[in-house]
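Here are a few exercises to work through with the model open in your viewer. Try each task before reading its solution.

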Amino acid sequence: MTSDAQIVVDQVSHRYRPPSGREVLALEDVSLSIQNREFVALLGPSGCGKSTLLYMIGGFLPVVAGSILVDGKPVGGPGPDRGVVFQHFALFPWKTVKANVLYGLERTQLPRSEREQRAQSYIDMVGLTGFEDSYPSQLSGGMKQRAAIARTLAFNPQILLMDEPFGALDAQTRSLMQSELLNIWRRTPKTVLFVTHDVQEAVFLAERVAVMSARPGQIKALIDTKFDKTDPHIFKSKAFVDKVDEIWGLVRDEAVKAQASRRQ
Amino acid sequence: MKAALIRYSPLLILAVAWQLISHFELVSSTALPPLTQIGGAWLDLLTSGELEKNAAPSLYRGGVGLLLAIGFGSVLGIAMAWWRPVNVAIGPLVEVFYPIPKSALIPVTVIWLGFGDGSKILLIFLGCMLPVIIGAFNGARSSEQVLVWSARSMGASRLRMIWDVVVPSALPDLLNGIRTALALAFILMVTSELIVAREGLGNLIGFLGANGSYAAMYAVVLTVAFLGFAADRIYQLLMHRALAWRETAAT
């Protein structure tokens, strides 16, 4: 089953030592396989280590225990095969929208005019036409996130790693962005790993949802969530609502546990 | 224009008060010559070429010392923030050197490099480098982890990432450090010339004071003050422009 998987996480544990205090076991024995072109959501209470796992796949944190393979090769450092969209956008504040989008294209072999054209087409795609020369500080939260997504998509990574990318957005923008992301994924099929703590978002976006337990993070359940996402009434459909309820049940237990351990 | 007038009105009031005090001889006119007399002395210094002849070496020393300090200080500060060995090697030196009054080093630099430009440039370089190092270090350390990660994940090498992310992140603190260094350059320039030099604005102030030409002495002091003020204003303008991306907050 794992033979044609694009990302294979095998028995990964992760410990870290906060600046003050005892060592924390953030992830314990996590295994997860993600197929080529699959959209998987990583769902769990805050502090369960889901972002940690994403950063390990991204190559930002070292894999000490267990292994992570991407396209059959162990993850060394970060690289442009895995595009990352961070929770707080991580746009370069000293660069304009266009310069930000161009940044990821600078190291491709494309000629300059081609890069310009590509940057513009992704800016247009995320609806930021006319804001090419704006600095991030001049944009709203939703616009910043769209710029960040355009920047990541522009250099065409095969894998998209998204860390609660819509967490900081208002409900309306968030819903628009979710539909937009699904459109993009359908048009340019990529493997997506999407971290969130929002059950409805996970069920709506992903084909499979990995539910994580409270710290130390483990994969508690893997749930199939394939629906017809183009159905405008999907949120009211019984199948959808039941699925959300089912997963809610799993997450709620963990959220309560996480709460309790934080109070100690 | 009107705003500037209001902003600098305290200076205007001070000038009027100065003129009145010396006009009615409330203090002796040697201690505080009337501004009109100082203005006359300034014109004399200018037409005789005395002022320009001394300003040129001063500005040369200040400029070269400051530029060297900016160059070396920025590189050292950023290197300290990103490579531990550099921090281990240089950190303690900076800490010990920082509180030393740099003017105490004037005789030392003179022993090393003599009475000419070299000793002044070295002193200004050493003194100005510290605020630049500290600004660059603090700024570089404040660069956000996600921006560093972001650049790396888009294929930037480590060195490239330093240039693309750490340097611009350090810029606000670094530019403030350079502003402090700019003021310090003027202080060290005049002090060093006042103590040991054959020419320069500081030297001219000392010479005119010793000869009792107080109006002319004041003229040079005010010239130095104006040069320092103008340099700071121009610098602030450039700094504002360089950091424009930061100040365009969403409305």
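Before you start, one rule for strands: two of them pair if DSSP finds at least two bridges between them. Also keep in mind that this is a predicted model.

**Exercise 1. Decide whether strands E4 and E5 of chain A pair, and find where they sit in their sheet.**

Step 1: count the bridges. Strand E4 (residues 65-70) of chain A and E5(A) share 2 bridges, in the antiparallel sense. The cut-off is at least two bridges, so the two strands do pair.

Step 2: find a residue pair to look at. A:Val70 stands opposite A:Lys73 in E5(A).

**Exercise 2. Work out how many bridges join E1 of chain A to E2(A), and how many pair E1(A) with E4(A).**

Step 1: take the E2 side. Strand E1 (residues 5-16) of chain A is joined to E2(A) by 8 bridges, and the two run antiparallel. On this side, A:Val8 has A:Ser33 in E2(A) as its bridge partner.

Step 2: turn to the E4 side. E1(A) and E4(A) pair over 5 bridges, again antiparallel. Here A:Val9 has A:Ile68 in E4(A) as its bridge partner.

**Exercise 3. Describe the sheet of 6 strands in chain A: what is its order, and which strands are at the edge?**

Step 1: read off the order. It goes E6-E7-E8-E3-E9-E10 (chain A), in an open sheet with mixed pairing.

Step 2: name the edges. They are E6 and strand E10 (219-224) of chain A, and each pairs on one side only.

Step 3: look at a parallel pair. Strand E7 (residues 159-163) and strand E8 (residues 191-196) of chain A pair in the parallel sense over 5 bridges. A:Leu160 stands opposite A:Val192 in E8(A).

**Exercise 4. Classify how helices H9 and H11 of chain B pack: roughly parallel or roughly antiparallel?**

Step 1: get the geometry. Helix H9 (residues 158-195) and helix H11 (residues 214-242) of chain B pack at an angle of about 170 degrees, with their axes 11 Å apart.

Step 2: apply the cut-off. Angles over 145 degrees count as roughly antiparallel, so H9(B) is roughly antiparallel to H11(B).

Step 3: see who touches. The contact includes B:Leu171, B:Leu175 and B:Phe186 of H9(B), and B:Val224, B:Tyr235 and B:Met239 of H11(B). By class, the contact residues are 11 nonpolar, 1 polar and 2 charged.

**Exercise 5. Find what each chain brings to the contact between A and B.**

Step 1: count per chain. Chain A gives 24 residues and chain B gives 14.

Step 2: The side of chain A that touches chain B divides into 13 nonpolar, 9 polar and 2 charged residues.

**Exercise 6. Find which elements of chain A have the lowest and the highest mean pLDDT.**

Step 1: start with the chain. The mean pLDDT of chain A is 88, and 98% of its residues reach 70 or more.

How values were computed. Residues are numbered from 1 along each chain as its sequence is written. Chains are lettered from A and ligands numbered from 1 in the order in which they are written. This is a predicted model: local features need pLDDT of at least 70, side-chain atom pairs count only at pLDDT 80 or more; totals for chains, interfaces and linings use all residues. Helices (H or I, at least four residues) and strands (E, at least two) are DSSP runs, numbered from the N terminus. Axes are lines fitted to C-alpha atoms, for helices over the stretch in contact, and angles run from 0 to 180 degrees between N-to-C directions. Angles under 35 degrees count as roughly parallel, over 145 as roughly antiparallel, 65 to 115 as roughly perpendicular and the rest as oblique. Two residues are in contact if their C-beta atoms, placed from the backbone, lie within 7 Å. Ala, Val, Leu, Ile, Met, Phe, Trp, Tyr, Cys and Pro count as nonpolar, Asp, Glu, Lys and Arg as charged, and the others, Gly among them, as polar. pLDDT is the predictor's confidence in each residue, from 0 to 100.
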